[in-house]
Amino acid sequence: MDDRFPDFRLGKVLATSFTATLTERRGDAVERIPVPRRLVDWLAVSGLAVESCTAAQLELARELRESIHAVLTAAASQEGLPASAVQVINDCSAQGRAAAILTPEGNRQWRLSSASCVEDALGVIAADAISIVAGERDGKLALCASPTCRAAFFDTSQSRSRKWCEMNTCGNRQKKARFLANKRP
């Protein structure tokens, strides 16, 4: 992978990890898939390897990412889902071709064929977002408490009371700011 780009923020939930390819949405936004090759890299580390990506496919991926973010944010806020974003997610899900595979550990894993393209991988991501919003998973959809982040994340902690999308970034940043504010006279 190319070291010139920011690291990926990978989580255990595919759809929310995908939305984390754009971070600090309410601050100085950080685009983690600025070029087609970078999307290929992200898909590979997410178990959805494809051979190549065009500029048009990257734009489709970004449209899906923003649609998922809009829908997850609305769902976490218990608001109505934006119809245009729902349509993008549904279209991507319907266009993708992937097989659900059962692992020896009893988990579902997605498998793309060797001839798969970016649209097939995006279909898997869209299907994952649908399963989250539809309530098919054990966990709680939440928004990061960081005022510059506000990323949607899926909380599977026992208490379902996580505040931060990532403790190592947003949580530490907020705790440090609070500590410094308390030290000032």
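This is a short talk through one predicted protein model, from the overall fold down to a few single residues.

Okay, hi everyone. Before anything else, please keep in mind that what you see on the screen is a predicted model. Let me begin with the whole chain and then zoom in.

So, how many helices and strands does the protein have? There are six helices and six strands. If you walk along the sequence, they come in the order α-β-β-α-α-α-β-β-α-β-β-α. Taken along the principal axes, the C-alpha atoms fill a box of roughly 65 × 40 × 35 Å.

Of the 185 residues, 39% are buried. The accessible surface is about 10300 Å², and carbon and sulfur atoms account for 50% of that. As for contacts, take the ones between residues at least 6 apart in sequence: 55% of them join residues at least 24 apart. And on charges, we have 25 positive and 21 negative ones, with their mean positions 10 Å apart.

Now to the rings. The structure holds one aromatic pair. That pair is F18 with W42, and its geometry is tilted, with 5.2 Å from centre to centre and 50 degrees between the planes. Why do we call it tilted? Because planes under 30 degrees apart would count as stacked and planes over 60 as edge-to-face, and the rest count as tilted. Where do the two partners sit? F18 is in helix 1, residues 14-19, while W42 is in helix 2, residues 36-45, so to speak a link between distant parts of the chain, 24 residues apart. And both F18 and W42 are buried.

Most residues other than glycine have a negative phi. E24, though, has a positive phi, near 55 degrees. You'll find E24 in the loop between strand 1, residues 22-23, and strand 2, residues 30-31. Buried or exposed, what would you guess for E24? E24 is buried, at a relative accessible area of 11%.

The other one is Q78, also not a glycine, with a positive phi near 55 degrees. Q78 lies in the loop between helix 3, residues 55-76, and helix 4, residues 83-95. Q78 has 74% relative accessibility, so it counts as exposed.

For a sense of distance, pick A181: it is 102 residues from E79 in sequence, and the C-alpha atoms are 34 Å apart in space.

Now hop to the loop between strand 4 and helix 5, where A115 and S116 sit. The strand covers 108-111 and the helix 118-133. Which of these is buried and which is exposed? A115 is exposed, with a relative accessible area of 64%, whereas S116 counts as buried, at 8% relative accessibility. What does S116 touch, leaving aside its neighbours within four places in sequence? The contacts are with V50 and R97. And for A115, here's another distance: A55 is 60 residues away in sequence, and the two are 19 Å apart in space, C-alpha to C-alpha.

Last stop, the start of the chain. F8 is in the segment before helix 1. F8 is buried, with a relative accessible area of 15%, because buried means under 20%. Compare F8 with S77: those two are 69 residues apart along the chain, and their C-alpha atoms are separated by 26 Å.

So, what to take away? Six helices and six strands, one aromatic pair, with both F18 and W42 buried, and a positive phi at E24 and at Q78. That's my tour. Thanks, everyone!

How values were computed: Residues numbered from 1 in each chain as written. Predicted model: local features only at pLDDT ≥ 70, side-chain atom pairs only at ≥ 80, totals over all residues. Heavy atoms only, no water. Phe/Tyr/Trp six-rings, centres within 6.5 Å; stacked < 30°, edge-to-face > 60°. Helix = DSSP H or I, 4+ residues; strand = E, 2+ residues; numbered from the N terminus. Buried < 20%, exposed > 50% of the residue type's maximum accessible area, 1.4 Å probe, protein only. Contact = heavy atoms within 4.5 Å. Areas by Shrake-Rupley, 256 points an atom, 1.4 Å probe, with all protein chains shown as cover. Lys, Arg positive; Asp, Glu negative; His and termini not counted. Charge placed at Lys NZ, Arg CZ, Asp CG, Glu CD.
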